[in-house]
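Here is a short briefing on one structure. Look over the sequence and the model first, then read the points below.

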Amino acid sequence: MAAQNQVHITIPKDHNGKKQVPEDDFDYSQRAQWVRAAVLGANDGLVSIASLMMGVGAVQKDVKAMILIGFAGLFAGACSMAIGEFVSVYSQLDIERAQMKRDRATGGQNQEHEEGNKEQLPNPFQAAVASAIAFSLGAIVPIIAAAFIANHKVRLAVIVAAVSLALLAFGVIGAFLGRSPMVKSCARVLIGGWMAMAITFGLTKLIGSSTGMEL
């Protein structure tokens, strides 16, 4: 009988003795939870506060009013995003834990598989903190852009320009972290941001003109 050829493949290990996973085999879905929260928070903070300030700017030329409403929206939005993410992700965590208990009771998974699932469980605290911080970082962009511009029309133009650049940056970051198509990611956030600001500005301008509130 001919001897069988045996091929031994050595899997590289790091300094802790753990097997290294090639970058091409990395499961980027593990990043999905906190990437989603961070990108959503940044985009929401950027677009909502910019739209809010544009709406105020449609009927009010006072820079102090725009800055004040911007900060009020930042504080309220960051708290809302954090609480919303915490509740949402915690609900998902409860569902996945309950499913793991059912699988364990029916013998549907072994110990090694269960430990792997526990490592991939969503973290509600991480999602809440990431969302709140990202919202604040996004929201501060239009506030800073408007703070040092005295001319009203120039101030509005600077807000739109700064927000557009920030939207592109957030789109690139989100696409890079999640390994998703960069052009589509940037286009989605940019067009969506423009639409939100334009609609808010136009409707507020219309309401202000019809009610005589425009100053």
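**Contacts of Leu167**

Leu167 touches Asn43, Leu46, Val47, Val189, Leu190 and Gly193, leaving aside residues up to four places away in sequence. Contact here means heavy atoms within 4.5 Å. This is a predicted model: local features need pLDDT of at least 70, side-chain atom pairs count only at pLDDT 80 or more, and totals for chains, interfaces and linings use all residues. Residues are numbered from 1 along each chain as its sequence is written, and side-chain values use heavy atoms, without hydrogens and water.

**Nonpolar core**

- Leu167 is also one of the four residues, with Met53, Ile159 and Val163, that touch the most other members of the largest nonpolar core, which has 29 residues.
- Such a core is a set of buried Ala, Val, Leu, Ile, Met, Phe, Trp, Tyr and Cys residues joined through side-chain atoms within 4.5 Å.
- Buried means under 20% relative accessible area, exposed over 50%, and partly exposed in between (1.4 Å probe, protein chains only).
- At least two core residues come from each of α1 (32-59), α2 (63-106), α4 (124-147), α5 (152-178) and α6 (182-211).
- α1 gives the largest share, 9 residues.
- Helices are DSSP runs (H or I, at least four residues), numbered from the N terminus.

**Met195**

- Met195 sits in helix α6.
- Met195 counts as partly exposed because its relative accessibility is 49%.

**Annotated spans**

- The unreviewed UniProt entry annotates residues 37-59, 65-90, 127-150, 156-177 and 189-208 as "transmembrane region"; such annotations may be inferred rather than shown by experiment.
- Residues 65-90 are 100% helix, with end C-alpha atoms 37 Å apart.
- Residues 156-177 are 100% helix, with end C-alpha atoms 32 Å apart.
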